[in-house]
Amino acid sequence: MGNFMSCSSSQSKQVKKKAFSKRFSSYKDNNNRSSSNRWNNKKEKFSDDSLLNQQEAIAAALLFQQQQQQQNGGAFDRSSSLRYTNTSNKHTLPRSSSSRARSISDTILQPHQLLNQELKIDELETSHFVLVHGGGYGAWCWYKTITLLEEAGFKVDAIDLTGSGIHSCDTNTITTLAQYVNPLIRLLQNLPDAHKVILVGHDFGGVCISYAMELFPHKIAKAVFLAASMLTDGQSTLDMFKQSGSNDLMRQAQVFLYANGNDHPPTAIDLDKSLLRDLLFNQSPAKDVALASVSMRPIPFAPVLEKLSLSEGNYGTVRRFYIETAEDEAIPLSIQQNMINSNPPERVFRIKGSDHSPFFSKPQALHKHLVEISSIPAVEKCGNSVS
């Protein structure tokens, strides 16, 4: 407003009072007084509507001055002018010429870009993430997370476990956890000795990264369990669900496959496509649900039954973090918290409003937590929950 008044006082003096009155004699304020009389009475108090009309009158006067100068061949100094008000909208105030409407080409920083500006990749223990999908998923499910992490400067590998994603193996032929986790084991084996990674395991991928932590603790800087099975020594995924209570929706969605005949144990578990949204994607965009419905594959049954062998000297030396998903129907929050209490990690995070697939439903929040975990330099007290 200061610029507005200083600008208007200097410009209006140049307009002849007679011409101004003649041109705008019909311009009335809310009290039916002429605009010229209103300007001459400096001590009069204006209402908000009167002030708005005053501003419109000044803008009109300046427009008249511009027209006069253009007719005389003079240049109009836009730097000391007002942009013209839109008289069709009574409550639209004029903007100074130093401001302008936002252009489509203007850069708008997204939340993850603001986060990236504060990140110092070179100072991290490692900037290499390895993403391990859950049962039935594939590397395809991480496409948003991969994009966000790579934009932040991280190196990212997302693998397809055996019989998952585009891996050619028939899921029904997988008989051990070692066979299922083999792509992850090969990746870790091929890393240079001094190179460390951050493992992120989702769902049944939590069992897979636990298996890898026991074999390669020196190559894993941190392990992140994302709505994942975080088991104890001697426990299987089936044991975990039995101990935590049944999940009616999960039980309804499961379809057991018997590739070796009905007189033999199941070879894989498929999920009823009509229940996928309710079970796994109840907060996810429709396009991601559609992607999952044509991309998910059966889950090998034998690894679900296999009990883990975990030691304090290997598995126990790797820093663990857990990310809870608050609106999860596949592994409900109560089950997640039971696992946390039984096997406390270094720190617990929670993604509010997330279903079982936060890489679809809450990718920005997931990215924020992953970046934060990568930046934690020292061991902190267990059990601190951060939302």
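Guide: A crossing is called right-handed if the near helix is turned clockwise from the far one, and left-handed if it is turned anticlockwise by less than a right angle. The model is predicted, with local features needing pLDDT of at least 70 and side-chain atom pairs counting only at pLDDT 80 or more, while totals for chains, interfaces and linings use all residues. Residues are numbered from 1 along each chain as its sequence is written, and side-chain values use heavy atoms, with hydrogens and water left out.

In the crossing of α9 with α14, the hand is right-handed; helix α9 covers residues 237–244 and helix α14 covers residues 333–342 (helices are DSSP runs of H or I with at least four residues, and strands are E runs of at least two, numbered from the N terminus).

Helix α7, residues 177–189, packs against helix α8, residues 205–215, at an angle of about 60°, and the axes of the two are 10 Å apart. That angle is why α7 and α8 are oblique to each other, and α7 passes α8 in a right-handed crossing.

Turning to helix α6 (residues 143–151) and helix α16 (residues 363–375), one finds that their axes come within 10 Å and cross at roughly 50°. The pair α6 and α16 is therefore oblique, and the crossing in which α6 passes α16 is right-handed.

As for the strands, β5, β6 and β7 form an open sheet of 3 strands in the order β5-β6-β7, with antiparallel pairing (two strands pair if DSSP finds at least two bridges between them). Because β5 (254–257) and β7 (299–300) stand at the edges, each with a single partner strand, one side of each has no neighbour in the sheet. Strand β6, residues 268–271, pairs with β5 in the antiparallel sense over 4 bridges, and within this pairing L257 has A268 of β6 as its bridge partner.

Definitions and conventions
Axes fitted to C-alpha atoms, helices over the stretch in contact; angles between N-to-C directions. Parallel < 35°, antiparallel > 145°, perpendicular 65-115°, else oblique.
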